[in-house]
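The tour below goes from one selection to the next.

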Amino acid sequence: MAENQTTQMAVAAPFPEPRIDAGGILATVGRSKASRRKFIKGVIVSGAAVSSAGYVFGGLSGCTPEQAAPGGVERLLSLNVNGETRRVDVLPNETLAMTLRYKLGLTGTKLGCDRAECGACTVLIDGIPSYSCSTLTHAVRGRAITTIEGLEGPNGELHPVQQAMIDELGPQCGFCTPGQIMTAVALLRANPNPTRDEARFAMSGNLCRCGAYDHYLNSIMRAAQDA
Amino acid sequence: MAWSLIGKDFVPPDIHGKVTGRAKYAEDFRAEGMVFARLLTSSVPHATITNIDAAEVLAMDGVLGIITADDEGLGALLTNEPKFVGDPILALAARDETTAQDAIDRLRGSRNR
């Protein structure tokens, strides 16, 4: 399967949804207890199909240009990021990950899946670990956003979790590491002395393709000990 | 010499960047004049593309062009007969990623199943 990465230069293949045609969706809704969400999605897709003669390629997400004006108008927002107030122009449909990475230059926050599956984009919003790929920037006005760049002390001292990640060789390729660290920081604030199982549970929203889960857990247990 | 690293404790030179977010990965780079491509991929397991109507899309502000399997040398990358869901049919380049995706969503064409 193609991977839905927000990759530049290289071509990014969107994950296509299985296309449902008008007859298909009506039949589906008729015979099964399709969820409301599925039904609405189906109506949108079939609407697009009916509006053009013959088969169309099909919208990717039910969000065809007819339904949602592409782009929209940017509005100037003040965001509280890592303790600083940042003024930035934001589209109505822009995700926090996009704003952080491409408008504020905070590329430490990674986009792995861009669909709330992997956790690489985790940031803290008012101290709660959140997937920034699935948070609209307009929804976090006035909230305190902390990214990986905001963890170090004023003189570049590493956060205990960051130091423990080095001591225990937590990361392998390192792509999921910023997200892992943000979740671990939130965990240790809420529970400074977790058991290994508690830590494993708390970290379950952060996937690691290298499979360095035990290394990350070693790091978190060490950070809890050292702090 | 041959055993300078194996069995020894050492700090990998890139780990500091990885734990601080400073390490740059491919998509963290932006270059002057850089453009963005998105693929139109097959939404069905098998089909034959009979027509691609890109006129509206090519007229959009910020859209630079498309390539298809009919362009020379691209038959190995793109196809008019996709054989799995996600099989790449067409690539589109645009000024930014959002425009590219909007353009892909607006493409019209026809296919036989």
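Predicted model: local features only at pLDDT ≥ 70, side-chain atom pairs only at ≥ 80, totals over all residues.

Two strands count as paired if DSSP finds at least two bridges between them.

**Stop 1**

Select the five strands that form an open sheet in the order E2-E1-E5-E3-E4 of chain A; their pairing is mixed. Strand E2 (84-90) and strand E4 (128-131) of chain A are at the edges with a single partner strand each, so one side of each has no neighbour in the sheet. From one strand to the next, the twist averages 45 degrees.

Now zoom in on strand E3 (residues 122-125) of chain A, which runs antiparallel to E4(A) and is joined to it by four bridges. Pick Ile125(A): opposite it, in E4(A), is Ile128(A). E3(A) and E4(A) make a hairpin with two residues between them. In that turn, Asp126(A) has a positive phi of about 50 degrees.

**Stop 2**

Most residues other than glycine have a negative phi.

- Asn82(A) is in the loop between strand E1 (75-81) and E2 of chain A. Its phi is positive, near 50 degrees. Asn82(A) has 19 other C-beta atoms within 10 Å and is partly exposed.
- Asp114(A) is in the loop between helix H3 (96-103) and E3 of chain A. Phi of Asp114(A) is positive too, at about 60 degrees. Is Asp114(A) buried or exposed? Asp114(A) counts as buried, with 21 C-beta neighbours inside 10 Å; the cut-off for buried is 20 or more.

**Stop 3**

Then select helix H4 (residues 160-167) of chain A. Which residues of H4(A) are buried? They are Val161(A), Gln162(A), Ala164(A) and Met165(A). Look down the axis of H4(A): the buried residues fall within an arc of 165 degrees, so they line one face of the helix. They pack against H5 and helix H7 (213-226) of chain A, and also against helix H1 (15-20) of chain B. After H4(A) comes Leu169(A), which has a positive phi near 50 degrees.

Keep H4(A) and H5(A) on screen. Their axes come within 9 Å and cross at roughly 125 degrees. This angle makes H4(A) oblique to H5(A), and the crossing is right-handed. To see the contact, show Val161(A), Gln162(A) and Met165(A) on H4(A), with Thr177(A), Ile181(A), Ala184(A), Val185(A) and Leu188(A) on H5(A).

**Stop 4: the sheet of chain B**

Move to chain B and select its open sheet of three strands, in the order E1-E4-E3, with antiparallel pairing. Strand E1 (36-41) and strand E3 (63-68) of chain B are the edge strands, and each pairs on one side only. Here the twist averages 20 degrees from one strand to the next.

Six bridges connect E1(B) with strand E4 (residues 88-94) of chain B, in the antiparallel sense. Pick Arg38(B) to find Leu92(B) of E4(B) opposite.

Technical notes
Residues numbered from 1 in each chain as written. Chains lettered and ligands numbered in written order. Axes fitted to C-alpha atoms, helices over the stretch in contact; angles between N-to-C directions. Buried ≥ 20, exposed ≤ 12 C-beta atoms within 10 Å, placed from the backbone. Arc of directions from axis to C-beta. Contact = placed C-beta atoms within 7 Å. Parallel < 35°, antiparallel > 145°, perpendicular 65-115°, else oblique. Left-handed = near helix turned anticlockwise from the far one by under 90°.
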